[in-house]
Amino acid sequence: MLRSMTGFGAGRATVESEEIAVEIRSVNHKFCEIKVRSSRELATLEPLVLKLVKERVARGAIDVSLKRASRTAGGLVPTVDVHLAREYRRAFSELAAAIGVPDEIALRDVALQPNVIRLDEPEVSLDSAARAVEQALGTAIDALTAMRVKEGVALGADLSHRLALVATLVGEVRAIAPKTVDEYKKRLEERIAELARTGTVDPQRIAQEVAFFADRTDVAEEMTRLASHLDQFRALIASGEPAGRKMDFLVQEMHREVNTTGSKSQHPELSHRVVQLKAELERIREQVQNIE
């Protein structure tokens, strides 16, 4: 089953004291490019995120956001610098002794000094955070994959429809191509009949001219290869494997066969079918850019 490269997923997990929220988004890209956005304390877990995503996503521009849920409303917790508090207490005692006043310093007096008590981000437990990231990211990737598969089903249906149109046009080209030779032969014979009034006509030369024209305008080989590419394309749709790059290559090959057919075209109906083929192949190419 085909998968689109566009999708979104989210997940949340709690392991012991660590709660992690993950969001993952993906859009079209030629390769698999992953960007991780996280807070400073979770930065060391980014290699883990890259590994987990690459195991399950083959292609696309992937944006992963990691957020550590806070146990407090502001996201910060008070931290006491005990060493600095002792230094303040010692300084106050020295000052009291130096100026001859009682040493009546209270805890509140020390606590209110700069940087004794400050608000910091809570210390992270990397082991618990890593397990929470793995669980939350797994849930997010599941949701992302489900969305990509759903869109991939629609893409597959559209591509199958367009492949059927291309196959119909290939059949029409095959049917029209012999008419080109027959009509050329008829025009040549009419021209020769006019010339015969004033001179002799060599039947062998007529046959040679017709054979040369038939060889120059023969598109059977191009149509056979194009039909083969269509079969390969259908097989990729049914394979269930990431197939976007292979499909892109096949579309290029199909364009090449159609362009060659157009250069050989000597019939208005044939030229019209070539234009239609190019239009359908371009629509297929645009859709393939969305496939993983």
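Two strands are said to pair if DSSP finds at least two bridges between them. Helices (H or I, at least four residues) and strands (E, at least two) are DSSP runs, numbered from the N terminus. The model is a predicted one, in which local features need pLDDT of at least 70 and side-chain atom pairs count only at pLDDT 80 or more, while totals for chains, interfaces and linings use all residues. Residues are numbered from 1 along each chain as its sequence is written, and side-chain values use heavy atoms, with hydrogens and water left out.

1. **The sheet.** An open sheet is formed by 4 strands in the order β1-β2-β4-β3, with mixed pairing. Its edge strands are β1 and β3 (32-37), each of which pairs on one side only. From one strand to the next, the twist averages 15°.

2. **The parallel pair.** Strands β3 and β4 run parallel and are joined by 6 bridges. Within this pair, C32 stands opposite G60 in β4.

3. **The antiparallel pairs.** Strand β1 (residues 7-15) pairs with β2 in the antiparallel sense over 9 bridges, and G9 has I24 in β2 as its bridge partner. The hairpin of β1 and β2 has 2 residues between the strands, and E16 there takes a positive phi near 55°. On β4 (residues 60-68), which runs antiparallel to β2, the two strands are joined by 8 bridges; S26 has I62 in β4 as its bridge partner.

4. Is strand β2 largely enclosed or open? Of the 10 residues of β2 (residues 18-27), 7 are buried, so the strand is largely enclosed by the rest of the structure. Here, buried means under 20% relative accessible area, exposed means over 50%, and partly exposed lies in between (1.4 Å probe, protein chains only).

5. **Helix α1 on the sheet.** Helix α1 (residues 46-56) lies across β2, β3 and β4, and runs at about 145° to β3. Such angles run from 0 to 180 degrees between N-to-C directions, with axes being lines fitted to C-alpha atoms, for helices over the stretch in contact. Contact means heavy atoms within 4.5 Å.

6. **Helix α2.** This helix (residues 82-99) has 18 residues and reaches 26 Å from its first C-alpha to its last, close to the 26 Å expected at 1.5 Å a residue. The expected span is 1.5 Å times one less than the number of residues. In α2, the residues A85, F92 and A96 are buried. Seen down the axis, the buried residues of α2 fall within an arc of 35°, so they line one face of the helix; the arc is that of the directions from the helix axis to the C-beta atoms. H83, R86, A97 and A98 are exposed on the other side of α2. Following α2 is G100, with a positive phi near 75°.

7. L107 lies in α3 and counts as exposed, at 72% relative accessibility. From C-alpha to C-alpha, L107 and A85 are 9.5 Å apart in space, and they are 22 residues apart in sequence. N115, in the loop between α3 and β6 (117-120), has a positive phi of about 70° although it is not a glycine. N115 is exposed, with a relative accessible area of 51%.

8. **The nonpolar cores.** A nonpolar core is a set of buried Ala, Val, Leu, Ile, Met, Phe, Trp, Tyr and Cys residues joined through side-chain atoms within 4.5 Å. The largest has 30 residues, of which L159, F233, M247 and I284 touch the most other members. The elements giving two or more residues to this core are α4 (126-196), α6 (220-239), α7 (244-264) and α8; α4 gives the most, with 9 residues. Not counting residues up to four places away in sequence, F233 touches L159, L163, M247, L250, V251, M254, I284 and V288. Apart from this core lies another, of 25 residues, among them A13, L45, V57 and A140.

9. **R273.** Leaving aside neighbours within four places in sequence, R273 is in contact with L169, E172, V173 and I176.
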